[in-house]
Amino acid sequence: MGLIEDKSFQGEIVAQDLLDCELNSCTFKKMDFSNVKIEHIDFIDCIFEDCDLSNLKLTSNTMIRSQFKNCKLLGAFIDQTSLRDILFEDCNFNYSTFSDSDFHTVFIKNSILKELRLYHLRYVKLFFESCDLENLEVIDTKLCNLDLSSCNLSGIQAMIKDLEGITISNYQLLEVAPLFGIQIKDVDYDKFNH
């Protein structure tokens with residue numbers, strides 16, 4: 001396993017898969033990692049800014065104390081990966097999948113995650129703040145103790161058992177109610193006041 005340490009990369013296109021190394025205290029700006037497979041890489045104290053990671057396949061990796069700011073992760077597939085002390089801010093994760101991974105203290109802020117799939121995700125301290133989670137699909141991932149009250153949850157697909165213990169706003173009740181078989185009907189309250 002090779003070690004790459006204290007390096008800055010900018011404006012490059014990564015055209016080959018990245019395998020078996022450690023990246024420590026590296027900065028990536030305006031890099032294009034689209035359609036790249038990254039496997040068995042340890043990212044420690046790394047920063048990704050304005051990078052394109054679309055269709056990225058991230059498998060069997062470890063990420064520790066790293067940040068992703070204003071990155072495009074369209075269709076990204078994050079599988080069997082451990083994320084610890086990670087920040088994703090102003091990122092686009094549309095059509096992405098988090099599968100069989102461990103998240104520990106992961107913050108996702110002001111990001112678009114339409115059509116996101118969460119499969120068999122395990123987490124401790126996962127935070128979504130002001131995110132668009134339209135059509136979120138949850139399979140075998142218990143979302144208990146998550147505060148999703150600042151997020152768009154329209155079209156959420158999940159089993160009731162996976163939603164037990166989440167915090168949502170009163171406005172989101174309309175989005176979540178159909179999962180519980182609840183039908184919502186508009187009522188004219190004026191007719192009751194006569």
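The predicted model holds 11 aromatic pairs, where rings of Phe, Tyr and Trp (its six-membered ring) pair if their centres lie within 6.5 Å, and planes under 30 degrees apart count as stacked, over 60 as edge-to-face and the rest as tilted. Since this is a predicted model, local features need pLDDT of at least 70 and side-chain atom pairs count only at pLDDT 80 or more, while totals for chains, interfaces and linings use all residues. Residues are numbered from 1 along each chain as its sequence is written, and side-chain values use heavy atoms, with hydrogens and water left out.

Back to the rings. Phe28 and Phe33 make an edge-to-face pair, because their planes sit at 75 degrees, with the ring centres 5.7 Å apart. Both Phe28 and Phe33 are buried (buried means under 20% relative accessible area, exposed over 50%, partly exposed in between, with a 1.4 Å probe and protein chains only). Phe33 also pairs with Phe48, again edge-to-face, at 6.0 Å centre to centre and 65 degrees between the planes. This second pair links distant parts of the chain: Phe33 is in the loop between β4 (27-29) and β5, Phe48 is in strand β6, and 15 residues separate them. Strands here are DSSP runs (E, at least two residues), numbered from the N terminus, just as helices are runs of H or I with at least four residues. Phe33 and Phe48 are both buried. Stepping back, ring pairs link Phe9, Phe28, Phe33, Phe43, Phe48, Phe68, Phe88, Phe93, Phe98 and Phe103 into a cluster.

Phe103 turns up again in the strand pairing, where it stands opposite Tyr123 in β14. Strands β12 and β14 pair in the parallel sense over seven bridges; two strands count as paired if DSSP finds at least two bridges between them.

Charged side chains come next. A search of the whole structure finds six salt bridges, each a side-chain nitrogen of Lys or Arg within 4 Å of a carboxyl oxygen of Asp or Glu. In one of them, the side chains of Asp102 and Arg122 meet at 2.7 Å, N to O. Asp102 lies in strand β12 (residues 102-109) and Arg122 in strand β14 (residues 122-129), so this pair ties together parts that are 20 residues apart in sequence. Asp102 is partly exposed, at 36% relative accessible area, and Arg122 is partly exposed too, at 41%.

Another salt bridge brings together the side chains of Asp45 and Arg65, at 2.8 Å from N to O. Asp45 belongs to the loop between β5 (37-44) and β6 (47-49), and Arg65 to strand β8 (residues 62-69), so the two tie together parts that are 20 residues apart in sequence. With 30% relative accessibility, Asp45 counts as partly exposed; Arg65, at 45%, is partly exposed as well.

Lys114 and Asp132 form a salt bridge as well, with the closest N and O atoms 3.8 Å apart. Here the link runs between two loops, with Lys114 between β12 and β13 (117-119), Asp132 between β14 and β15 (137-139), and 18 residues separating the two. Lys114 is partly exposed at 31% relative accessibility, whereas Asp132 counts as buried at 18%. Salt bridges that share partners join Lys114, Asp132 and Glu134 into one network.

Asp132 is also among the residues that Ser111 touches; the others are Phe88, Glu89, Asp90, Cys91, Ser130 and Cys131, leaving aside residues up to four places away in sequence (contact means heavy atoms within 4.5 Å). Ser111 lies in the loop between β12 and β13 and is buried, with a relative accessible area of 2%. A polar atom of the Ser111 side chain lies 3.5 Å from the backbone nitrogen of Asp90.

That leaves the cysteines. With a disulfide taken as a pair of cysteine sulfur atoms within 2.5 Å, the count comes to zero disulfides. For Cys46, which is in no disulfide, the nearest cysteine sulfur is that of Cys26, 4.9 Å away. Cys46 is buried, at 1% relative accessible area. Cys144 is likewise in no disulfide, and the nearest cysteine sulfur, that of Cys151, is 16 Å away. Cys144 is partly exposed, with a relative accessible area of 32%.

Technical notes:
A polar contact is a pair of N or O atoms within 3.5 Å; within protein, one must be able to donate a hydrogen and the other to accept it, and residues adjacent in sequence count only if both atoms are side-chain atoms.
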